[in-house]
Amino acid sequence: MEAIRFKNDILYLLDQTKLPAEEVWIEYTDYRAAAEAIVTMVVRGAPAIGITAAYAYFLAAKEYSGQPAIQFSASMARARQKIASTRPTALNLFWALGRMDSVLERFGRSPSALPSLRAAAQEIHREDVEMNRAIGRFGAAVVPQGAGILTHCNAGALATGGYGTALGVIRAAHSQGKVSMVYADETRPLLQGARLTAYELVRDGIPTTLITDSMSGSLMRMGKIQMVVLGADRVAANGDFANKIGTYSVAVLAKHHGIPFYTAMPGSTIDLSLPSGEEIVIEQRNGREISHIRDIQLAPEGAILYNPAFDVTPHSLVTGIITDKGVVYPPFEENLRALFG
Ligand code: MRU
């Protein structure tokens, strides 16, 4: 399963707002439309946002490649600004743009960078899948035999270049016969767990039980869950991390029940420049995502709506951080710097 394709300089995105009812691929040749796809969550998930941003930057370079170098450089700066202002929390977006920038700089910010920008975006895409496979290998080793595993949101193939981070761990562990059941939180308000995670896992034949977000504590108490694994949008140097709203609640519940709690991500999500999760910018989204489900109104007019897309989980609640270079345990600051510094 994949959410992003690139062929003949056209970017194709699987419209995740329509899943699982419809599988619709949308074509993009305009970087502005690709940036809008990130905002409206046609494409979502930290690594997938980064990959899309890289392709969008390439599309901008292609559009402006007929301009003289000085004008081209200014046009690319404006395009970068547009792409960078889509979603603030996932580091992968800025990491991917930074990598594309270094290619642009190498060619003096001139249109001659075009073939190398294309190759760099494709490399970012390809590398992401490889990193997810490595995350899966490292993560599977910490999954207990016969585990019931809880996950939140969607950190799967749809959220990445393919295979997934947290779902990569689950896929690898399942192939080793270690997984008895995956419990997928539905993940309000946009239901990435119900619409995307359950869809991916069912398609892969992995036993999956869909639950509402409020059910996980009760299942932990019943002894059904032996491990939690979920994704991250940004990890700070001390191991605090931002992920889909509701992650913090899951972490507190896991701690209370003595259940190992892991987050999984590639190095492109780890931000050693931020000392702690306090400094992570949390995206606030339109309250309509809470008051409505698609066009159905659930709440009365006049209620104040609070809709942060992410929350921060402190490192004290984290058992281990599963990365493409290995599983990192406390002290996180020291051990993350040793691997990614
Ligand atoms: O708002 P979303 O759907 O982009 O949020 C996605 C998540 O929170 C994922 O867990 C995270 O981006 C990691 S994806 C491998």
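## Residue classes and the model

Ala, Val, Leu, Ile, Met, Phe, Trp, Tyr, Cys and Pro count here as nonpolar, Asp, Glu, Lys and Arg as charged, and the others, Gly among them, as polar. The model is predicted.

## Around the ligand

The shell around the ligand holds nine nonpolar, six polar and three charged residues. Of these 18 residues, Arg44, Ala46, Ala159, Gly231 and Lys244 come nearest. Two elements give two or more residues to the shell: α2 (46-64) and β9 (241-244).

Domain 1 (4-132) and domain 2 (142-340) each provide at least three residues of the shell.

## Two domains

The chain is divided into domain 1 (4-132) and domain 2 (142-340). Their centres, taken over C-alpha atoms, are 25 Å apart. Contacts link 24 residues of domain 1 with 30 residues of domain 2.

On the side of domain 1 that touches domain 2, α2, α4 (91-106) and α5 (114-140) each supply at least two residues. That side has 14 nonpolar, seven polar and three charged residues.

## The chain as a whole

The chain contains eleven helices and 16 strands. Its C-alpha atoms fill a box of roughly 65 × 50 × 40 Å along the principal axes.

Of the 341 residues, 49% count as buried. Among contacts with a separation of 6 or more, 76% join residues 24 or more positions apart.

Methods:
Residues numbered from 1 in each chain as written. Predicted model: local features only at pLDDT ≥ 70, side-chain atom pairs only at ≥ 80, totals over all residues. Helix = DSSP H or I, 4+ residues; strand = E, 2+ residues; numbered from the N terminus. Buried ≥ 20, exposed ≤ 12 C-beta atoms within 10 Å, placed from the backbone. Contact = placed C-beta atoms within 7 Å. Near = placed C-beta within 6 Å. Domains from an automatic or database assignment.
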